[in-house]
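Please look over the structure below. A short report on its local geometry follows it.

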Amino acid sequence: MACEMLNIDSKYAKEMVAHALEDDPNECCGILAGKDGETLKLYRMVNIEASPYRYRMDPKELLKVYNEIDDSGSEIVAIYHSHTHSEAYPSATDVRLATWPESRYILVSLLDRENPPIRAFHIEDGTVTEEDVTIGSPA
Ligand SMILES: [Zn+2]
């Protein structure tokens, strides 16, 4: 899994930023699903914490979405959430609650609302590894 690079179609990058801005000041969260690292669908999820400082997906909604992704032969490409008051880097809470080492976590920060940065990380056993992200159509 080392030295991977994630390409996000600009359509989905824009959608994540739009979601972050809509839920601001609270954090938003969602899932990118697809095949071979290519995103084919974005699921907006409800942040049941409805908080500016943390997010939690509804376990029932998560199970429903997970089954739909599985049934369609796709997999989870990434789990995204926004940081409305801090940079696009996993918080101590994010690291502690990360339970999906085989996936990746995307962070969108609204510190720069004009051009919100999008970054991706693997989080496993408390270790955070950043992954390069490119936005746009795959070359
Ligand atoms: Zn976070």
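## Basis

The model is predicted.

## Zinc site

The zinc ion is held by His81 and His83, each through NE2, and by Asp94 through two OD contacts. Along the chain, the donor residues follow the spacing H-x1-H-x10-D. Histidine 81 sits in strand β4, and aspartate 94 sits in helix α3, residues 92-97. These two are 13 residues apart, and the pair links distant parts of the chain. Both histidine 81 and aspartate 94 are buried.

For reference, the ideal angle for four tetrahedral donors is 109.5 degrees.

## Aromatic pairs

The count comes to 2 aromatic pairs. One joins tyrosine 66 and tryptophan 100. Their ring centres are 6.2 Å apart, the planes make an angle of 45°, and the pair is tilted. Tyrosine 66 belongs to helix α2, while tryptophan 100 belongs to the loop between α3 and β5, so the pair ties together parts 34 residues apart in sequence. Tyrosine 66 is partly exposed, at 36% relative accessibility.

Tyrosine 89 and phenylalanine 121 also form an aromatic pair, and this one is edge-to-face. Here the centre-to-centre distance is 5.1 Å, with 75° between the planes. Tyrosine 89 is in the loop between β4 and α3 and phenylalanine 121 is in strand β6 (residues 118-124), so the pair ties together parts 32 residues apart in sequence. Phenylalanine 121 is buried, at 0%.

## Helix α2 and its ends

Helix α2 has 13 residues. From its first C-alpha to its last it reaches 18 Å, close to the 18 Å expected at 1.5 Å a residue. At the start of α2, a side-chain oxygen of aspartate 58 comes within 3.0 Å of the backbone nitrogen of lysine 60. Just after α2, glycine 73 has a positive phi of about 75°.

Serine 74 lies in the loop between α2 (59-71) and β4 (75-83). Serine 74 counts as buried, at 15% relative accessibility, because the cut-off for buried is under 20%. Beyond its neighbours up to four places away in sequence, serine 74 touches Gly34, Lys35, Leu40 and Ile69. Serine 74 and arginine 56 are 18 residues apart in sequence, with their C-alpha atoms 23 Å apart in space.

Serine 103 is in the loop between α3 and β5 (105-109). Its relative accessible area is 2%, so serine 103 is buried. Setting aside neighbours within four places in sequence, serine 103 contacts Ile76, Val77, Ala78, Ile79 and His122.

Alanine 20 is placed in helix α1, residues 10-23. Alanine 20 counts as buried, at 0% relative accessibility. With residues up to four places away left out, alanine 20 touches Cys28, Ser82, Val108 and Leu110. How far apart in space are alanine 20 and serine 103, C-alpha to C-alpha? The distance is 21 Å, for a separation of 83 residues in sequence.

Most residues other than glycine have a negative phi, and most peptide bonds are trans. The peptide bond from aspartate 24 to proline 25 is cis, with omega near 10°. Proline 25 lies in the loop between α1 and β2 (29-35).

Aspartate 36 is not a glycine, yet has a positive phi of about 50°. Aspartate 36 is in the loop between β2 and β3 (38-45) and counts as exposed, at 79% relative accessibility. Alanine 50 also has a positive phi, near 40°. Its place is in the loop between β3 and α2. Alanine 50 is partly exposed, with a relative accessible area of 48%.

Technical notes:
Residues numbered from 1 in each chain as written. Predicted model: local features only at pLDDT ≥ 70, side-chain atom pairs only at ≥ 80, totals over all residues. Heavy atoms only, no water. Helix = DSSP H or I, 4+ residues; strand = E, 2+ residues; numbered from the N terminus. Buried < 20%, exposed > 50% of the residue type's maximum accessible area, 1.4 Å probe, protein only. Contact = heavy atoms within 4.5 Å. Donors = N, O, S within 2.8 Å, 3.2 Å for Na, K, Ca; no water. Phe/Tyr/Trp six-rings, centres within 6.5 Å; stacked < 30°, edge-to-face > 60°. Expected span 1.5 Å × (residues − 1). Polar contact = N/O pair within 3.5 Å; in protein donor to acceptor, adjacent residues only side chain to side chain.
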